[in-house]
Number of protein chains: 2
Amino acid sequence: MRITAEKLKELAYSVLVSAGARAEDSKLVSDNLVESNLVGHDSHGVIRLPRYVKEIREGQINPRASLRIVKENPGSLVIDADWGFGQVAAAEAMTLAIDKASSAGVASAGIFNCNDVGRLGGYCTAAAERDCIGIMTVNDGAVYTKLVAPWGGISGALGTNPISAAVPMGLAPPLCADFATSVLAGGKIEVARKRGEELPVGCIIDALGRPSTNPEDFFASPPGALLPLGGAVAGHKGFALGLIVDILSGALSGSGCSGAGERYAQGVFILVIRIAAFTPLEEFIERASRLVENTKASPKADGISEILIPGEPEWSEKEKRLREGIIIEKATWADIVQTAGEVGVHGDWK
Amino acid sequence: MRITAEKLKELAYSVLVSAGARAEDSKLVSDNLVESNLVGHDSHGVIRLPRYVKEIREGQINPRASLRIVKENPGSLVIDADWGFGQVAAAEAMTLAIDKASSAGVASAGIFNCNDVGRLGGYCTAAAERDCIGIMTVNDGAVYTKLVAPWGGISGALGTNPISAAVPMGLAPPLCADFATSVLAGGKIEVARKRGEELPVGCIIDALGRPSTNPEDFFASPPGALLPLGGAVAGHKGFALGLIVDILSGALSGSGCSGAGERYAQGVFILVIRIAAFTPLEEFIERASRLVENTKASPKADGISEILIPGEPEWSEKEKRLREGIIIEKATWADIVQTAGEVGVHGDWK
């Protein structure tokens, strides 16, 4: 199934509104999901729409939530998201932090009582588009999302605890990093399983702690675990990074750290740095651009045609998909159409 | 050579004063170096004393430097370190950022015209001891410290760009992470070379980009390169992290990014988060402590007796070395004694 971004947004919007969400929230969430499809991260795209509708029905998502700032300082704020859409809370928190950073220099926000915020890179990019460096980390406190083994351990103790950062690069698109602090993101194992493919060596262990390349070992009962970034040689570094992300996102926000409760709850930490508070923007961009240029000019490994900077693959994928449309896998499309039908949205989306 | 921390501090202090440094700076730098020895990071300890004396003599370190705040906001500041000791500038910047965070909630500092700051963990721990989360990143802009290959590249383009974070844990010592964003820290390769040992698989490549375990390949001419954290499977993540550290430390501070110049220059980025600006301190510590307890209680891999939290190995090493003294390798001790003699410090340090 190939569909334009505009049509896909329309569909997602209609489904969310019909499921009981506010018009402005539905717009924000559907734009966010389709943006993930556009940049090539289909795992964070409209594939999540049926889940969100189900979560509204089950009371996990409150479609009429009211955000509330519960604590505030010149450079910090904490938001109770009232169990609304994570995207709405994250976008608002990022905007407020950018505003605060404009006078304080840097500013930070925490969010609790929050649902899935989707892909992180987009929020950080919004900060970069306002001449700031945006940094964001997320954890979730549910027992069943403890997927990543600690260094020296063989069972999941932490979530995949992602981190994202975006940096303005002048006329070029922002540099945008966005990655799980495990060797692989959880979704990659799901994809390999569905396709019957092996995983690369060094990503997961089975329930007995033995290295495995078989995605089934990860989903078995008792389950295997993901290894922290760094794997067998330097997994203590990924483990440390995962703990820091967990503490920033879960302990500081008040949302709770990995394994804290039964309910799915994303904790969010946002940091915004106004570049001009440190150095003239043009000079900053000159320094950062020279670093990127020097790096891209490095001698390449065999089979590598270009050294890509974080964010570059996403920007070229977006250009392509805006032009050629977004391909949705058959099973995903069937789920979406069924969900749409359930909330009374019918139509010819081809 | 075994020596007590107190005697080693005395020796380092006398050497620095005799080399022309101010008394208060000499105290701070010698305490900092010996603290690195105490916590087990000898690569960042008094082994650096001869280098510092040489750098004073050659004009790289200005022993009479005056720090200057060149830019300031309620939550941010930038310090020109006037090419003084990095330790003096970093300690002062951390103190000022902690003070600013007490009213702003979070605060950040950049440092430029700065020499080696030594081990990062100690500065972050100082923030943790004042009920803040302390985060610090460092790069250096000298061409000859481009040691880490970009993802897809085969030559050094970035420094090892370390990152550190410390978190208060109530009655327990702070959690303290401190690691290079390459698979290995540069010093580890030097150590393996001196001892004639092989490196683990997946840490370095030779000048042609071939995987190697021979430290000589790294130091050859043309040189090999370190791989970014994540290695062959997930090196794009370590590469992204290294770029972000480089940009925060070098582009934001004004010090310059990796490869920007001929002179050794550390750029520093500091972030301080006052926990009580987000959540009551006791609740924060309860959440973070439960995460640590759950993680430590995870089933262990074969041969692992305890899952260690970042900072734990350092705390137990410090206890041991405070009790038993610090062992300095013969060659290092000879260098130190020779340096001491050159600046007119003589004595029986046994």
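In which helix of chain A do Lys27(A) and Asp31(A) both lie, and how many residues apart are they? Both sit in helix α2 of chain A, four residues apart, or about one turn of the helix. Helices here are DSSP runs of H or I with at least four residues, strands are runs of E with at least two, and both are numbered from the N terminus. An α-helix has 3.6 residues a turn, so residues three or four places apart point the same way.

Before going further, a word on what is being looked at. This is a predicted model, in which local features need pLDDT of at least 70 and side-chain atom pairs count only at pLDDT 80 or more, while totals for chains, interfaces and linings use all residues. Residues are numbered from 1 along each chain as its sequence is written, chains are lettered from A and ligands numbered from 1 in the order in which they are written, and side-chain values use heavy atoms, with hydrogens and water left out. For chain A the mean pLDDT (the predictor's confidence in each residue, from 0 to 100) is 96, and 100% of its residues reach 70 or more. For the complex, the predictor gives an ipTM of 0.97 and a pTM of 0.97.

Now back to that first pair. Lys27(A) and Asp31(A) form a salt bridge, with their closest N and O atoms 2.6 Å apart. The term stands for a side-chain nitrogen of Lys or Arg within 4 Å of a carboxyl oxygen of Asp or Glu. Side chains of opposite charge can pair when their charged atoms come close. Lys27(A) is partly exposed at 46% relative accessibility, and Asp31(A) is partly exposed too, at 24%. On this scale, buried means under 20% relative accessible area, exposed means over 50%, and partly exposed is in between (1.4 Å probe, protein chains only).

Chain B has a helical pair as well. Glu58(B) and Lys54(B) both belong to helix α3 (residues 49-58) of chain B and are four residues apart. Their salt bridge has its closest N and O atoms 3.6 Å apart. Glu58(B) counts as exposed, at 56%, whereas Lys54(B) is partly exposed, at 46%. Another salt bridge joins Arg68(B) to Asp80(B), with the closest N and O atoms 3.7 Å apart. That one links distant parts of the chain: Arg68(B) is in strand β2 of chain B and Asp80(B) in strand β3 (residues 76-80), twelve residues apart. Asp80(B) is buried, at 11%. Over all chains, the count comes to 46 salt bridges.

In chain A, a network of salt bridges links Arg48(A), Arg51(A), Glu55(A) and Asp116(A). Glu55(A) is also among the buried residues of helix α3 (residues 49-58) of chain A, along with Leu49(A), Pro50(A), Tyr52(A), Val53(A) and Ile56(A). Their cover includes α1 (5-18), α2 (23-38), α4 (86-104) and α11 (330-342) of chain A.

What about the meeting of the two chains? The contact (heavy atoms within 4.5 Å) takes 84 residues from chain B and 84 residues from chain A. About 6,200 Å² is buried between them, and carbon and sulfur atoms give 75% of that. Buried area is the accessible area (1.4 Å probe) that two parts lose on being put together, summed over both. On the chain B side, helix α8 (residues 231-252) gives the largest share, 14 residues. Across this interface the rule finds zero salt bridges.

Neighbours within four places in sequence aside, Asn73(B) is in contact with Ser103(A), Ala104(A), Gly105(A), Arg274(A), Ala277(A) and Lys100(B). Asn73(B) is buried, with a relative accessible area of 17%.

Gln87(B), in helix α4 (residues 86-104), is buried, with a relative accessible area of 0%. Contacts of Gln87(B) beyond four places in sequence include Leu28(B), Asn32(B), Tyr52(B), Asp116(B) and Tyr123(B). Gly196(B), in the loop between α6 (186-195) and β8 (204-205), counts as exposed, at 67% relative accessibility.
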